[in-house]
Number of protein chains: 2
Amino acid sequence: MTTQIAMQKALSLAKEAAQMGEVPVGAVVLDENGHVLAVAHNEVEIGHDASAHAELLAMRRAAVKRGSPRLTGCTLVVTLEPCPMCAAAITHFRIGRLIYGAYDPKGGAVDHGPRLFQREACLHRPSDIISGVCERDAAQQLKEFFHQLRS
Amino acid sequence: MTTQIAMQKALSLAKEAAQMGEVPVGAVVLDENGHVLAVAHNEVEIGHDASAHAELLAMRRAAVKRGSPRLTGCTLVVTLEPCPMCAAAITHFRIGRLIYGAYDPKGGAVDHGPRLFQREACLHRPSDIISGVCERDAAQQLKEFFHQLRS
């Protein structure tokens, strides 16, 4: 699966999340050969789990599938810039490449806020980070969700 | 359960973790009345889950027990200063009080590194943070574990 197709898959997972009342964020983990290891969308409300962000769930599922807590060489594709929790988890799981959609100036921790991968003490950072992929679609989903929530 | 007894419980969970080859960190979540909601130690290797840090597991278990992703009014007692992943999760779970043992100048994110709760954009920080509780015991467990790992 190409990165673009993986992002389309992640966007469709985000849409499913919104239909369930979850913040629309979707994620896909690909292995070294571009095969899908795991997918997820936010499950915070349904799972009574504030840590159930799409990318954290996808990484956890991928690692269980691999039988290892390390996802070396894998690519994480996610519709929104990871928060500090998920960015630090990307380090713990040793994700190889990170591709994300919408920027999150308030909650993001990759290109905003604490910029965890840019810190000297960071033990592992993805060798490649591509941001803003399908940004408009990902941002639009979030905008619509929060607009409906307020109305 | 008092905070001191909860820390003793967390230290004993950390000891169990070490015996299983896991990094010795233990955590306890107490509700508003000081009753234990959940306990955990690191399960990274056994669970093939790099995010399975003691405090993240304990908060997830406590939230499921409560039937809500919010742990408002609860106290998290953990033997080591939380990393950025766990500190951000403390925000997401809306933990009321944080008590931790050993300082972690390299990996911690409360009193070291990104100091997440001190950032202006932080949406929720514990109203009380007490650090260095039983620090010597907690640090000693970690020191012994990594010493044995290297020898």
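Leu30(A) stands opposite Thr75(A) of strand β3(A) in this predicted model. The two residues belong to a pair of strands, β1 (residues 26-30) and β3 (residues 75-80) of chain A, which run antiparallel and are joined by 4 bridges. Strands count as paired if DSSP finds at least two bridges between them. Helices (H or I, at least four residues) and strands (E, at least two) are DSSP runs, numbered from the N terminus. Residues are numbered from 1 along each chain as its sequence is written, and chains are lettered from A in the order in which they are written. Local features need pLDDT of at least 70, side-chain atom pairs count only at pLDDT 80 or more, totals for chains, interfaces and linings use all residues, and side-chain values use heavy atoms, without hydrogens and water.

The sheet of chain A is open and has 5 strands in the order β2-β1-β3-β4-β5, with mixed pairing. The twist averages 10° from one strand to the next. Helix α1 (residues 3-19) of chain A lies across β1, β2, β3 and β4 (97-102), at about 145° to β1(A). Helix α4 (residues 135-150) of chain A also packs on the sheet. Helix α4(A) touches β3 and β4 of chain A, and its direction makes about 55° with that of β4(A). Axes are lines fitted to C-alpha atoms, for helices over the stretch in contact (heavy atoms within 4.5 Å). Angles run from 0 to 180 degrees between N-to-C directions.

Gly67(B) follows α2(B) and has a positive phi, near 75°.

Met59(B) and Leu76(B) are among the residues that touch the most other members of the largest nonpolar core, which has 99 residues. Such a core is a set of buried Ala, Val, Leu, Ile, Met, Phe, Trp, Tyr and Cys residues joined through side-chain atoms within 4.5 Å. Leu76(B) touches residues including Met59(B), Ile90(B) and Ile95(B), not counting those up to four places away in sequence.

His124(B) lies in the loop between β4 (97-102) and β5 (128-130) of chain B. A polar atom of its side chain lies 2.8 Å from the backbone oxygen of Ile95(B).

Notes:
A polar contact is a pair of N or O atoms within 3.5 Å; within protein, one must be able to donate a hydrogen and the other to accept it, and residues adjacent in sequence count only if both atoms are side-chain atoms. Buried means under 20% relative accessible area, exposed over 50%, partly exposed in between (1.4 Å probe, protein chains only).
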